[in-house]
Amino acid sequence: MNSFGMKLRFSTFGESHGKAIGCLLDGVPAGLEIDEEYIQSELDRRKPGKSEFETARKEADKVEILSGVFEGVSTGTPIAMLIYNTNQKSKDYTNIKDIFRPGHADFTYFNKYGIRDYRGGGRSSARETAARVSAGAIAKLMLTKMGISVLSGISEVAGIKSEVFDYDKAKSSIIYALDSAKEEEQKEAILKAKNNHDSVGGVSRVLIQGVPIGLGQPLYYKLDGVLADAMMGLNAVKAVEIGDGVLSSRVLGSQNNDEIRSNGFETNHSGGILGGISNGDDIVLNVYFKPTPSIFKEQHTVTTTNEEVDFSLKGRHDPCVAVRGTVVCESMAALVIADMLLLNMGSNMEGVRKYYS
């Protein structure tokens, strides 16, 4: 399955070391101003090779819009976008042609499909997420028209947790750190792991503001369920929390309930979602990334013929995949909210009447 969404639906294609990657975004209403500079700026936030905290692979990630846009606005037809791969080094992977890398999808992809694309993971590589970011940028353009914003930042690296969440500050941080008091310590943890030929995990915190009450399609397309699905579909994500998440299981109902007054909720333990439907409060997600499995220590594994071997990986890899991953989390959140906005237009007769009257 290579598609996501219902009313606003996108499909991605391409491999890490193939000629190009891209996406087809269908369902964008006609008349949306398509700011190509903004779309490129979103890709620039995610692209590799900007600092020592990321992979050394330098990709221009220049996006080309092939269809669905005329004279700067969407036409209502599918929007196709293409990003050429320009800095592959497939030879770095020849030593693992017949070897499964621990922690990677090599083992499962081979056993499922019977094909071994060893060039950087092929379709299972996080390289594919550039296509998601291009689609997410258009979703953000839609949300801006509705007064909705999607922000994110890194709240934790290697167990070093932020105590404040400053989303404006995160925009100027090379690792998108939310807490300036913790940033240096988090950077040191990333570089220490990198210098030891290892990697660390991290947590992306996503904030969605301005969401109206009523988004979500119970029972089987709930807003929190689809947001969790979107995040868990990202490479290296191992857990997702909505609102207080795991902490909700450790308190009393009287502590967890968000009491209501005439001007709104007194607290936001729910993370802005009740019964799978947005309640008008801020939507808050914590997305947990495992350490990058591409490390340069000698490891035990097996070959495609089940022969036990020891090997050392080569190549260029992120020491903390969560850093660039937080940009992708934003993009997926934006796509979900935009999809839910379109789906919600027909939730009751009043909405249908307003549209056609």
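Predicted model: local features only at pLDDT ≥ 70, side-chain atom pairs only at ≥ 80, totals over all residues.

A: Strand E2 (residues 9-14) and strand E3 (residues 20-26) run antiparallel, joined by six bridges. Residues are numbered from 1 along each chain as its sequence is written, and side-chain values use heavy atoms, with hydrogens and water left out. Strands (E, at least two residues) and helices (H or I, at least four) are DSSP runs numbered from the N terminus, and two strands pair if DSSP finds at least two bridges between them.

Now widen the view. E2 and E3 belong to an open, antiparallel sheet of five strands in the order E1-E2-E3-E7-E4. Strand E1 (3-4) and strand E4 (63-65) are its edges; each has a single partner strand, so one side of each is left without a neighbour in the sheet. Helix H3 packs on this sheet and touches E2, E3, E4 and strand E7 (79-84), its direction making about 30° with that of E3. For such angles, axes are lines fitted to C-alpha atoms, for helices over the stretch in contact, and the angles run from 0 to 180 degrees between N-to-C directions.

Follow H3 (residues 129-145) along and you come to Lys140. Lys140 counts as buried because its relative accessibility is 7%; buried means under 20% relative accessible area, exposed over 50%, and partly exposed in between, with a 1.4 Å probe and protein chains only. Its side chain makes a polar contact of 2.4 Å with the side chain of Glu330. That term stands for a pair of N or O atoms within 3.5 Å; within protein, one must be able to donate a hydrogen and the other to accept it, and residues adjacent in sequence count only if both atoms are side-chain atoms. Apart from its neighbours within four places in sequence, Lys140 is in contact (heavy atoms within 4.5 Å) with Tyr38, Glu42, Arg45, Val150, Glu330 and Ala334.

Back at the sheet, the loop between strand E6 (73-74) and E7 holds Thr77. Thr77 counts as partly exposed because its relative accessibility is 41%, and a polar contact of 2.6 Å joins its side chain to that of Thr75.

A second open sheet of five strands is also antiparallel, in the order E9-E8-E10-E16-E11. Strand E9 (160-161) and strand E11 (237-242) stand at its edges, each with a single partner strand, so one side of each lacks a neighbour in the sheet. E8 and E9 run antiparallel and share two bridges; Glu156 has Lys161 as its bridge partner in E9.

Strand E8 (149-157), strand E10 (202-209) and strand E16 (283-289) each give at least two residues to the lining of the second largest pocket, and E16 supplies the largest share, three residues. That pocket has a volume of about 440 Å³; of its 18 lining residues, Arg205, Glu241, Leu247, Asn286 and Tyr288 lie nearest its centre.

There are two cavities of 30 Å³ or more as well. The largest cavity holds about 110 Å³ of space, and helix H8 (residues 322-344) provides the largest share of its lining, three residues. Among the residues lining this cavity are Arg46, Thr129, Asn235 and Asp318. On a 1 Å grid over the protein atoms alone, a cavity is a set of points where a 1.4 Å probe fits but cannot get out, while a pocket is an open set with protein on both sides within 12 Å along at least five of seven lines; lining residues have an atom within 4 Å of a point. Grid points are joined across faces, edges and corners, and a volume is the space filled by probe spheres set on the points.

Last, look at helix H9 (residues 349-356): of its eight residues, the number buried is zero, so H9 lies largely in the open. At its start, a side-chain oxygen of Asn348 reaches to within 3.2 Å of the backbone nitrogen of Glu350.
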